[in-house]
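Work through the exercises below with the model open. Try each task before reading its solution.

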Amino acid sequence: MTRPLRLRVVLALAHRLIALLAPLAPSRVRARWTEEWHAEIDHAAERLAERRGRSIVLLSFAAGAIPDALGLRRLPRPQVPAAAAPRLIGVSQDLRRALRGLAHTPGFTLTVVLSLGLGLAANTAAFAFLSTTLFPGLPGAADSDRLVRVRLESRCAGDEQCNRPTTFEDLRVLRDGLGGLSGLAGASRTSMAIGARGQAAMIRGALVSANYFEVLGVALPLGRGFTPEEERPANAAVAVIGHGMWQRMFGGDPSALGDFITVGGHAVRVVGVASSAFGVASRWGMQPIEVWLPWGFAPTIGADRPSTGLRAGLVFDIDAIGRIDSSTSLELVRAQAPAAAARVAATRADGTTHIALAVTPYGATNLPGAALDIAGTLLVPVIVLAIACINAANLLLVRGQQRARDIAVRLAIGASRGRIAREVLIESLLLALLSGGVAVAIGVVGIRAVESLVPMTLRIDGSTIALTFVTAIVSVIAFGVVPALRASRTAPGVALASRSGTPSRSRTRQILVGAQVALSVALLAVGTQTTSAVAALSRITGADDPARLLIVTFDLSQFGMPTAAMESFYDRVAQRVKQLPGVKDVGVAPPGAVWNLPGAGLSAMKIWPPDTSPGAGRGHIGGYAGGDLFETIGLRLLQGRRFEPADRGGVPRVVIVSRAAAQRYFGGHAIGRIMRVSAIGRTYEQGHDVAIVGVVESPRDPNYVRRPNAEAAVVFLPAPLEPAPALALYVRALDDPAPLLSAIRTQVDAVDSRVPFARTATLASSLYERETEGRLVAQALAALGVIALVLATGGLYGAVSFIVSSRRREVGVRLALGAVPRAIVIMMVTAGLRPALAGGAAGGIVALIGSALLRASMFGIPAIDPVALVVPTALLVGAVLAASIVPARRAARVDPLVVLREE
Amino acid sequence: MARRDPALSYTGLFVLQALAQGHGFGFDIMEVTGLPSGTIYPALRRLEALELVRSDWESGQQAQRAGRPRRRYYELTAAGRRRLREAETRYRALGRLFPDLSAS
């Protein structure tokens, strides 16, 4: 059909208009819109062909496209059904794919899981340790989460924290005055001299309120608890004994109920036996509590007087425990605390200006206060975890690179980045879960091993396991997913074009490898040095053969003896023991006068060196030195004389000082000089002037003497400054002292069979025990260092062998250009060695700095063991050589054409 | 239907009515209603967005025979027919109220 020319021109114009307008239409409908208008214009032209003025009509018709195109933009978008459902469908598919992928590369999976598992296990153990020490709870108590601790904090006039202990009187006031509690009980722990069925023993016990077992919800399997009447001193001679003591002293005999034991020599009837779960020590190094008496018994054994100074065994402070019943809450009790505190303050007449009550959940620890402990415990495990993570990151990075092409292809054919990210995430989570499982398994085994080393029950509970898995997931995401995703952001074209790791990526890997080496070398060196440092702490004593120096401690405070009787007890025991075969010398002194022994505390006195004002007296180590103490220990006399019988008894008139004390106070010329001494808590006026008659060698104890040589400044007295119930017998044995113990016991029985040994140990074993915690930390450090070394070696091997094999193409090019195979091998090995050596050097420097700090702060620390630096570095260098030489030689042997054609 | 329908304009009603009578193409509707193309086409788009109208393309063979691109045709949806019935009821009332107008 032919059209007139004018119509053709108009038609072309109309079509042209549509083409011009097309960009106005939204892109999603543009094609349809254009097609529709073109068709409509053609149709219109046909229909209008016979009409007059058709050109105008046609053009105005076409002009309708203008409002149409503009109007389209204002229309609501068509609603697309949400795509949420299909997005989830792929998860199980991804999971299967991830599992398949991991199973296809068992080497990779195993290495990552084992590395992370080892690294995490260190943290699991640390978590378990923290959870046990920070939240000890109250073993054996019912519903212990409803128990609260009530603590009095008092401040005295003069803004000095007067630290007055909570007394049973305070507790009595609180018991009636603090609402919201269904009960408030108190316990004061103290060591007790127990006699039962012909045996004597020092046993850790507690003086408690009558409602103690009731408030704690402790059921006694045998007998009963206490009645309110038994809080009165007249009725208080009753006891509940612990399961352990019942087994040891009564052989588990039920007739123990109603039997009598002695406490400090006073007869006490057994009315109940506690279960084995109750009373167990919540912290290691503490003895379990095995005997409970009503607090009314306190005056009988002298436990109602606050202890002055550092007397052994008598700890006077009350642990007040309340129970919140179901009708109240912690907040409600706290709201009543100020009023109750005011009531307590009203009963005090000692210048207490401020008194406050703190009510806290019983098991809770003051977390901010424990932050340093937590950080200290977690520091090294976290470093080990970091090493493991670097390993995993390296391996994941390598895997990511191998996969980059695969990912690029999938991105290019339309896979969404989110989908790929999800796949990486699922694979990483799988790895994290596997590693977490391995960590918990290793942790359980490891903790059993630790428990065999120290008397401590660690538990791996739900929160520990949860924390392990959270750590695993966080580590994997931080070290695995993030880098993988960054890698996937590369444009597909670039990833497809590049064939192996770019130089910058290898630099990251080299730095990671170096960091790993540095960390493990430093950790191992510091760990071994700390181990020897801890050993040094217990080895340096200034005494002759510490293994043959037996120290037997007694505590007479509960027997109500007059001073003369106590002095006579120690004199007679010392004389009798000295007659025993196998005993060379015997001395008597407070247990903490010479060394800082466990379970004793330091023995202190107050001294005023010459030219000191009465207000400037200072606390000082020292105390009574009876018998032949200096010969027994092996402290040789350097100047002057020893104590003579005339010096003994009554008020001290003379003293003997250690060389360190003579140096410090008298410039080395001490003989004949005068100073003033008094008991702790006394004034200048109450003290005595004493003349120095002798100077002996200093005992040494790097544990508390932070001076060069660790020489302790000690002042020895010929007689106690005040009644001294708790003293120790120092016995120098000619041979093994262990068989002497029963002979000594016989001699003590001959003097007073009621008096038990409080502690018996040689100096060597005492100091060894004292350093248990430090030794554990040092050994843990060294063990973690070994783990770190294993991890680093494995990681290094993997990383280096990957670097070498990924440079095959480069090697091919070099060979094609005429390089000698030998040069290629050297080049590859050097490239692997560089980060290992740099890391080893950095780690060595860190270790040397740490060692210098350690040596500066403590005497007797041996220099860093060069072996501890050289061996790990050599091992790591060996790993690099092993990892690089074989693939390097293989690479150098290949036909360059084969390599180049591989692509 | 939970959604409250927007009021139908006169134009909308005319277009629906034209479609009901079988005028499926934009140009035809324009001719029947006498409204300009700049009114008809935007109205069709609006009605389509409201799902009162749906569109499709005539078959390719038909277009080929006529020697032009495929034309797009419109038809009422079920909802569109319902709306038209409701409107008719209202407009019949209009007729009763203004008998003179409807007579002319």
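Buried means under 20% relative accessible area, exposed means over 50%, and partly exposed lies in between (1.4 Å probe, protein chains only). This is a predicted model: local features need pLDDT of at least 70, side-chain atom pairs count only at pLDDT 80 or more, and totals for chains, interfaces and linings use all residues. Residues are numbered from 1 along each chain as its sequence is written, chains are lettered from A and ligands numbered from 1 in the order in which they are written, and side-chain values use heavy atoms, with hydrogens and water left out.

**Exercise 1.** Find the salt bridge between Asp545(A) and Arg548(A) and classify both partners.

*Solution.* Apply the rule: a side-chain nitrogen of Lys or Arg within 4 Å of a carboxyl oxygen of Asp or Glu. The N to O distance for this pair is 3.6 Å. Next, check accessibility. Arg548(A) has a relative accessible area of 32%, so Arg548(A) is partly exposed. Asp545(A), at 38%, is also partly exposed.

**Exercise 2.** Which parts of chain A does the pair Arg770(A) and Asp701(A) tie together?

*Solution.* Start with the distance. The closest N and O atoms of this salt bridge are 2.8 Å apart. Now place the partners. Arg770(A) is in helix H20 (residues 763-770) and Asp701(A) is in the loop between S19 and S20, so the pair links parts 69 residues apart in sequence. Helices (H or I, at least four residues) and strands (E, at least two) are DSSP runs, numbered from the N terminus. Last, accessibility. Arg770(A) is buried at 15%. Asp701(A) is buried at 0%.

**Exercise 3.** Describe the interface of chain A and chain B.

*Solution.* Count contacts, meaning heavy atoms within 4.5 Å. Here 23 residues of chain A contact 21 residues of chain B. Then take the buried area, the accessible area (1.4 Å probe) that two parts lose on being put together, summed over both. The two chains bury about 1900 Å², 56% of it on carbon and sulfur atoms. The rule finds 7 salt bridges across this interface. One of them joins Glu36(A) and Arg45(B), at 2.9 Å from N to O. On the chain A side, H2(A) gives the most, with 14 residues.

**Exercise 4.** Is Thr471(A) buried or exposed, and what does Thr471(A) touch?

*Solution.* Thr471(A) sits in helix H13 (residues 462-488) of chain A. Its relative accessibility is 18%, so Thr471(A) counts as buried. Not counting residues up to four places away in sequence, Thr471(A) touches Leu120(A), Phe127(A) and Leu385(A).
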